[in-house]
Structures are given as C-alpha cells and as structure tokens.
Amino acid sequence: MYRRRLTIFAAIATAIILSLPIANLALRAYIGGKLWPSETRDLWSLDRVEGNVAYLLMSCCNRSMYPGRTRIGRNGYFFLGDDDGQVISKATGSWQPPAGLIEDRAAGLARLQQRVADAGAALAVVIAPNKHSVYPEMLPPDLNPAQQTVTDAFVNRAEAMGVSILDLRPVMRRLKETSQAYLKTDTHWTRAGAAASYDNVMRFLSDQHAVPASPVDYQLTPVNRPAGDLVRLLKMHEMFGPDHEVDYRITMTPPPETCLATLSLLSGDTSACVPSGDGEVSVMDRSMKMTRTDNAPNDQTVLMLCDSFCTASSALFDASFRVVYRVHWKFIDSAALGRYLEAFAPDIVIVQMVERDMLSFTESGN
C-alpha cells in the first residue's frame with residue numbers, strides 16, 4: 001500500500017514539475033520566439049507562467065490579469081489600480097471621502113504650517129500628481145475621469161485655511177506637451193517631470209515665502225530604460241526590452257560636491273558622510289538620509305518629508321542646499337518631527353506627498 005501511494009505521489013509530482021516548462025514553452029511559442037526565457041531555470045517558474053498569461057491577456061484583449069494592481073490604458077500606458085489608495089475611484093470621482101476627513105486633514109496642514117513657522121522655517125506643501133491626473137486621455141476606455149476630484153476639494157479647503165500648496169498637476173500637464181512627463185509603465189514621473197517639480201518648488205519658495213533659493217544649472221539628456229513597476233506587478237517585466245521606456249538623465253555643471261550619511265530612526269546613530277556626487281537618494285527604507293554639499297549655491301538647511309516621488313529630483317535639491325535631511329513622512333510621528341525641527345533647525349521644510357496619499361498625512365502622527 002505504501003509503495004503504491006509513493007508511486008502515485010511521484011507520478012503527480014512529476015506531472016506538476018513537467019507542466020511548468022511545458023506551459024512556459026507553449027505560451028512563449030504562442031506569444032513569439034523572441035520572448036523565450038534567457039535562462040533555463042525560468043522554465044520552471046510559476047511567476048513566469050503568470051507573467052506569460054498576463055502578457056497574452058494584455059496582447060489579445062488589452063486587459064489586465066489583476067486590474068486591482070494595474071490597469072492597462074491606451075497607447076501602452078499602464079496605471080495603478082484601486083488596490084493602492086483607491087486611485088482609480090478617486091480619478092473617476094466614484095470614491096468620496098468620509099465626512100469630515102478633508103476638513104481634518106486640511107486643519108492638520110494648517111497646524112503644521114504654524115508649527116514650522118514657530119520653529120523659524122518656511123513650509124512648502126507639494127502634491128506630486130498621480131499619473132491618472134496627468135494623462136487622463138490615456139486611461140482605459142471604460143473609465144471617465146471626473147472634472148472635479150477629491151484633490152480639488154482638499155486643495156481648496158487647505159488654501160481657505162491659509163495653507164500654501166504647490167499643486168503640480170497643471171505643471172505636469174503642460175510638460176507632457178513637450179516631454180515625456182511620466183513613465184508609461186511606471187507610477188512615477190520621468191527625470192524631466194522630477195526636474196520640473198524641482199524648478200517649481202524653488203520658484204514657490206521664492207514667490208510664496210521670499211526665501212532666497214538659487215536653482216542649479218542642469219541638463220536633461222534622453223535615455224532609455226527597462227519597463228517599470230506597473231509591469232512588475234503583473235510579473236511580465238521580462239517580456240519588455242531593456243530600452244522600453246523613454247526617460248532622461250540629469251547632469252549638473254559644475255558637478256556637486258555632495259556626501260551622503262544615514263541616520264537610524266531607532267538608535268539615532270549616524271554613518272560617515274561618504275561622497276555621492278549627483279547620485280539619487282531614496283527614502284523608501286526606514287532611515288533618514290542627510291546630504292552635505294560644499295559647493296551648494298544656497299547656505300540653508302532643508303528638511304524634506306517625502307515619498308518615492310522625491311527620489312528622481314533628490315540630486316537637484318542636494319546640489320542646491322548646503323544640508324538636506326530627507327525621510328519618508330510615513331516613518332515619523334509628531335514627536336519625532338518636533339525633535340528634528342529642534343535638532344536640525346531647518347530653514348526650509350518641504351512636505352511632498354503623492355496625490356493618492358494626501359489624505360493619509362496627519363500632522364499629529366503618521
């Protein structure tokens with residue numbers, strides 16, 4: 001009996017093991033020979049089967065295998081789905097905020113503005129748009145973008161309370177007429193979009209707060225890069241070539257003399273400040289980053305509370321100011337913010353939030 005069960009188990013296991021490469025080979029052959037896996041072990045990958053099926057569904061029907069993760073739009077544009085911040089429902093106006101939420105969040109920004117002013121600093125609140133707001137014409141045909149969204153209601157209420165907000169939606173819409181503002185297969189803006197955000201923040205500091213902030217000179221050079229995070233969510237990034245996306249390279253003259261250090265949010269320990277030049281800085285791990293640029297044109301200290309959208313523009317801000325502290329706003333609370341305002345004595349505080357998360361930010365604790 002035992003031997004018979006073992007034989008059955010071995011037969012089933014063998015069938016399963018063989019089914020994976022057979023499925024991958026069949027799907028790859030159907031899709032096209034040029035898309036066969038580059039490594040033999042890929043033939044046994046469940047993720048590869050899933051990616052092949054997702055690619056096939058996109059190719060034949062222009063549909064997403066997981067629309068909650070990623071929606072497939074027009075002309076090769078991909079969009080984040082409702083699983084992340086109800087972003088589709090917000091774009092179409094079908095999601096409405098709970099009663100009092102906009103009022104509460106706007107009041108929180110007003111308190112933050114006063115708190116920063118009491119610490120002797122200027123506050124810039126910046127909204128990094130969802131791609132849905134910049135390229136509504138590229139959304140899937142079954143979606144109808146709303147003329148007025150929760151973003152408009154929030155900005156209007158916050159400004160009525162005296163909060164100065166830099167809403168970058170109009171900036172990015174103008175930019176797309178001359179440059180690729182957002183990556184087609186990614187949630188984020190291109191380096192051209194990031195550079196435009198930098199230009200407007202610097203102008204905002206000067207116009208709204210009379211902060212003398214001289215921008216650095218930079219050049220944008222078109223480059224190509226692989227497909228982005230929205231394709232990875234569907235596990236079909238291997239199906240796209242290494243030069244699928246149009247992006248840009250940011251170069252500065254003269255190059256910045258920047259070093260980078262990491263501050264632990266738990267222990268407070270600080271690493272050595274190592275030369276980083278014009279390298280980009282991410283805030284997606286649970287630490288604070290500090291940059292010091294000896295040849296910066298502005299002798300000010302900046303505290304940036306931001307998210308993944310500040311990575312692409314980080315080198316420009318680091319080159320512009322003598323000291324920049326940067327941390328994800330989700331990783332600190334009100335008490336920590338108070339400690340940083342006291343310890344770092346920043347001249348400027350920049351709070352940059354992606355549009356879909358703007359109602360998640362609270363001054364009292366994140």
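Trainee: In β12, which residue is the bridge partner of Leu303?

Mentor: The partner of Leu303 is Val349. Strands here are DSSP runs of E with at least two residues, helices are runs of H or I with at least four, and both are numbered from the N terminus. Two strands pair if DSSP finds at least two bridges between them. Strands β10 (residues 298-306) and β12 run parallel, joined by 4 bridges. Strand β3 (residues 122-128) also runs parallel to β12, through 7 bridges, and Ile127 is bridged to Met353.

Mentor: Please note that this is a predicted model, in which local features need pLDDT of at least 70, side-chain atom pairs count only at pLDDT 80 or more, and totals for chains, interfaces and linings use all residues. Residues are numbered from 1 along each chain as its sequence is written, and side-chain values use heavy atoms, with hydrogens and water left out.

Trainee: Are the faces of β12 buried or exposed?

Mentor: In a regular strand the side chains alternate between the two faces of the sheet. Here Ile348, Ile350, Gln352 and Val354 are buried on one side, and Val349, Val351 and Met353 on the other. Buried means under 20% relative accessible area, exposed over 50%, partly exposed in between (1.4 Å probe, protein chains only).

Trainee: Which residues of α4 are buried?

Mentor: An α-helix has 3.6 residues a turn, so residues three or four places apart point the same way. In α4, the buried residues include Leu101, Arg105, Leu109, Leu112 and Val116. The buried residues of α4 pack against β3, α6 (150-160), β4 (165-167), α11 (334-344) and β12, where contact means heavy atoms within 4.5 Å.
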